[in-house]
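Visitor: I would like to learn how to read a model like this one. Where do we begin?

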Amino acid sequence: MRSLFPLNKEKQRIFLSFRALFLGMVAFLILLISIFGSGEETLLWLGSFLFASLIISWFWAYRNLRGIRTHIHLPAGGVEGNSVYGWWEITNPSRRHRALIQLEGKFPFLDRPQIFAISHLPPERTLRFTLQGTCRQRGIYRDITAELVGRDPLGLFLVKSSYRYSGQFTVYPRIIPMHHFPQPEAGHILEPVGVLRTWEGAGQ
């Protein structure tokens, strides 16, 4: 079993959900009405609370994946059409609790993606998940990528960290024994289907 480590540094992308956009528009309208319209203090507090919820959710989602480490353990190769097994480790080196994390692996040599959901990742702990799939078409595969996906408790923001892993995976051709092919019946004479000619002298 070989250990594959990420080649690139951690790159986080934050996506805004429709609910976050809607909540931000509502908070902005409430603040406008409270300031330039009725001037009620209740609306001002409500708009401020909605804006504060957006900022806290964004900060929580951004910090949730910071420092998380992942390692993938796979064999050097497999046989076309056969099953292959490995494991995927995710480590939380900090003293903070992490939650709502999803592992999404894209392994082009397997017949299906590998997706694992983590509801809670304790501090200074490592979780291990089993990778299992069937080897696809033979060849040498080097494009091994994975993503860590995190969400805030309100589901307003989506954070993705993409990784590209070192190493390669080789899928070898499947060898079929000769007894799997149909054999001629006893007493049956095979008819020639062509003529093999042998040329002597200098080739043209």
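Guide: Begin with a definition: two strands pair if DSSP finds at least two bridges between them. Keep in mind that this model is predicted.

Visitor: In β12, which residue is the bridge partner of glycine 77?

Guide: Strands of a sheet pair through backbone hydrogen bonds, either parallel or antiparallel. Here, glycine 77 has threonine 170 of β12 as its bridge partner. The strands concerned are β4 (residues 77-79) and β12 (residues 169-172). They run parallel and are joined by three bridges.

Visitor: How many bridges join β9 to β12?

Guide: Three bridges do so, and the two strands run antiparallel. Strand β9 covers residues 139-141. Its glycine 139 stands opposite valine 171 in β12.

Visitor: What is the strand order of the open sheet?

Guide: The order is β4-β12-β9, three strands with mixed pairing. β4 and β9 stand at the edges with a single partner strand each, so one side of each has no neighbour in the sheet. On average, neighbouring strands of this sheet are turned by 20° against each other, ignoring direction.

Visitor: Now zoom out. How many helices and strands does the chain have?

Guide: It has two helices and 12 strands. Along the sequence, the pattern reads β-β-α-α-β-β-β-β-β-β-β-β-β-β. Of the contacts in the chain with a separation of 6 or more, 71% are between residues 24 or more positions apart.

Visitor: What share of the chain is buried?

Guide: Buried residues make up 33% of the 204 residues. In soluble globular proteins, nonpolar side chains tend to be buried together. In this chain, the largest nonpolar core has 31 residues. Trp88, Ile90, Leu103, Phe107 and Phe109 touch the most other members.

Visitor: How do I read the aromatic pairs?

Guide: A pair of aromatic rings is described by the distance of the centres and the angle of the planes. A search of the whole structure finds seven such pairs. Take phenylalanine 107 and phenylalanine 109: the ring centres are 5.9 Å apart and the planes stand at 55°, so the pair is tilted. Ring pairs link Trp88, Phe107, Phe109, Phe116, Phe129, Tyr141 and Phe169 into a cluster.

Visitor: Is phenylalanine 107 buried or exposed?

Guide: Buried means under 20% relative accessible area. Phenylalanine 107 has 5%, so it is buried. Phenylalanine 109 is buried too, at 0%.

Visitor: Beyond neighbours within four places in sequence, which residues is phenylalanine 107 in contact with?

Guide: They are Ile72, Leu74, Gln114, Leu131 and Ile144.

Visitor: Next, a charged residue type. Is glutamate 147 buried or exposed?

Guide: Glutamate 147 is buried, with a relative accessible area of 12%. Its place is in strand β10 (residues 145-151). The side chain of glutamate 147 makes a polar contact with the side chain of serine 162, at 3.3 Å.

Visitor: How far apart in space are glutamate 147 and leucine 103?

Guide: They are 6.1 Å apart, C-alpha to C-alpha. In sequence, 44 residues separate them.

Visitor: Last, backbone angles. What should I look for in phi?

Guide: Most residues other than glycine have a negative phi. Look for exceptions. Leucine 100 has a positive phi, near 55°. Glutamate 124 also has a positive phi, about 55°, although it is not a glycine.

Visitor: Where are leucine 100 and glutamate 124 found?

Guide: Leucine 100 lies in strand β6 (residues 98-106). Glutamate 124 is in the loop between β7 (114-121) and β8 (125-134).

Visitor: How accessible are leucine 100 and glutamate 124?

Guide: Leucine 100 is partly exposed, at 36% relative accessibility. Glutamate 124 has 53%, so it counts as exposed.

Note on methods
Residues are numbered from 1 along each chain as its sequence is written. This is a predicted model: local features need pLDDT of at least 70, side-chain atom pairs count only at pLDDT 80 or more; totals for chains, interfaces and linings use all residues. Side-chain values use heavy atoms; hydrogens and water are left out. Helices (H or I, at least four residues) and strands (E, at least two) are DSSP runs, numbered from the N terminus. Axes are lines fitted to C-alpha atoms, for helices over the stretch in contact, and angles run from 0 to 180 degrees between N-to-C directions. Buried means under 20% relative accessible area, exposed over 50%, partly exposed in between (1.4 Å probe, protein chains only). A polar contact is a pair of N or O atoms within 3.5 Å; within protein, one must be able to donate a hydrogen and the other to accept it, and residues adjacent in sequence count only if both atoms are side-chain atoms. Rings of Phe, Tyr and Trp (its six-membered ring) pair if their centres lie within 6.5 Å; planes under 30 degrees apart count as stacked, over 60 as edge-to-face and the rest as tilted. A nonpolar core is a set of buried Ala, Val, Leu, Ile, Met, Phe, Trp, Tyr and Cys residues joined through side-chain atoms within 4.5 Å. Contact means heavy atoms within 4.5 Å.
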